[in-house]
Amino acid sequence: MSGIFREAYLLFRDPVHIKDVYLHTSVSEALDQAQIRAEIKLNGKEQITARLLNPCGGTVAEKTVPLEDGGDLAFDLTDPVLWNAECPKNYELLLFCGEEILHFFVGLKRLEIKNSVVFLNGKKIKLLGVNRHDSHPLLGHATPYAHMLNDLFILKRHNCNAIRTSHYPNDPRLPGLCDLLGFYLIDETD
C-alpha cells in the first residue's frame, strides 16, 4: 500500500496571505463566559476581517484589523453555547484576507480531569469508543470522504462517542467531522 493516498492539490494564493491560524478557546469555570482567540500568521501586511457566527448562523461579532506578519484576534462571549457529543453545537469563524476566506468550526467546551474522572462542561463523561484506521476494502488507505462519513454514522448508531486514531493521524478532514457529528477524538500523531 504505497503511493499517494491523501488528497493532493495546487493552491494559487494572493501575494500576501494567511500562512497559519491557531485557534485557542477558553471557557470560565462557571460556564458563563468564553473566549475564542485566533492566532494568525501572515507573510506580510494585510487587513484581516474576522466574523464569528453562532450555532444558528447569526453574526455574533465582526472585527477588522490591520496585521503585519501576524497577531491575535479575540472574541469574548457571554452565555456561550457549549459543545458536547450529544449536542454538538459549533460556532463558525470566517477570516477574510484579500481574496481568500478561511472557514473554521469552533466548539466551545471546558474539559477537566479531577481525581481521575473526566469532566466536560462540569459534568462527568464516559468515553465509549473504538480505534479507527483509515481503510477501505478496495482502495486501502485512500479512504473516500463518503466512506469516512459512513463510518462515523455507523459508530453513532452503535452509541459510540469517542474515536482513537490508531497509530497515525487519520485523514485531516476527520477532526472536523468529529466536531460536527459529536465525537470525542483522541488523535495520535507520528
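Colleague: Why is Gln33 called partly exposed?

Modeller: Gln33 has a relative accessible area of 36%, and the scale calls a residue buried under 20%, exposed over 50% and partly exposed in between, with a 1.4 Å probe and protein chains only. Since 36% falls in the middle class, Gln33 is partly exposed. This is a predicted model, in which local features need pLDDT of at least 70 and side-chain atom pairs count only at pLDDT 80 or more, while totals for chains, interfaces and linings use all residues. Residues are numbered from 1 along each chain as its sequence is written, and side-chain values use heavy atoms, with hydrogens and water left out.

Colleague: Where does Gln33 lie, and which residues is Gln33 in contact with?

Modeller: Gln33 belongs to strand S2, where strands (E, at least two residues) and helices (H or I, at least four) are DSSP runs numbered from the N terminus. Leaving aside neighbours within four places in sequence, Gln33 is in contact, meaning heavy atoms within 4.5 Å, with Ser26, Val27, Ser28, Leu77, Thr78 and Pro80. The C-alpha atoms of Gln33 and Leu77 are 5.7 Å apart in space, although 44 residues separate the two in sequence.

Colleague: What makes Lys89 partly exposed, and how is Cys87 classed?

Modeller: Lys89 has 37% relative accessibility and is therefore partly exposed, and Cys87, also at 37%, is likewise counted as partly exposed. Lys89 is found in the loop between S3 and S4, and the place of Cys87 is in the loop between S3 and S4 as well. Not counting residues up to four places away in sequence, Lys89 touches Pro55, Val81, Leu82, Trp83 and Gly107. From Lys89 to Cys160 the distance is 18 Å, C-alpha to C-alpha, over a sequence separation of 71 residues. The C-alpha atoms of Cys87 and His158, 71 residues apart along the chain, are separated by 16 Å.

Colleague: Why is Asn159 called exposed, and what is its phi?

Modeller: Asn159 has a relative accessible area of 60%, so Asn159 is exposed. Phi of Asn159 is near 60 degrees, a positive value in a residue other than glycine, and Asn159 sits in the loop between helix H1 (145-157) and strand S10 (162-165). Asp69, which is not a glycine, also has a positive phi, of about 65 degrees, but Asp69 is found in strand S3.

Colleague: How do you know what belongs to the largest nonpolar core, and which residues have the most contacts inside it?

Modeller: A nonpolar core is a set of buried Ala, Val, Leu, Ile, Met, Phe, Trp, Tyr and Cys residues joined through side-chain atoms within 4.5 Å. The largest such set has 22 residues, and those with the most contacts inside it are Ile18, Ile40, Ile48, Leu93, Leu95 and Leu108. Two or more residues each come from strand S1 (18-27), strand S2 (33-53), strand S3 (59-78) and strand S4 (91-97). S2 gives the largest share, eight residues. Apart from this core lies another, of nine residues, among them Met148, Leu155, Ile163 and Leu174. In soluble globular proteins, nonpolar side chains tend to be buried together.

Colleague: What makes Cys97 buried, and how many disulfides does the structure hold?

Modeller: The relative accessibility of Cys97 is 1%, so Cys97 counts as buried. The structure holds zero disulfides, a disulfide being a pair of cysteine sulfur atoms within 2.5 Å. Cys178 is in no disulfide, and the nearest cysteine sulfur, that of Cys160, is 12 Å away. Cys178 is also buried, because its relative accessibility is 1%.

Colleague: What is the strand and helix pattern along the sequence, and what share of the protein is buried?

Modeller: The protein has two helices and eleven strands, following the pattern β-β-β-β-β-β-β-β-β-α-β-α-β along the sequence. Of its 190 residues, 33% are buried. Among contacts between residues at least 6 apart in sequence, 58% join residues at least 24 apart. The C-alpha atoms fill a box of roughly 50 × 45 × 30 Å along the principal axes.
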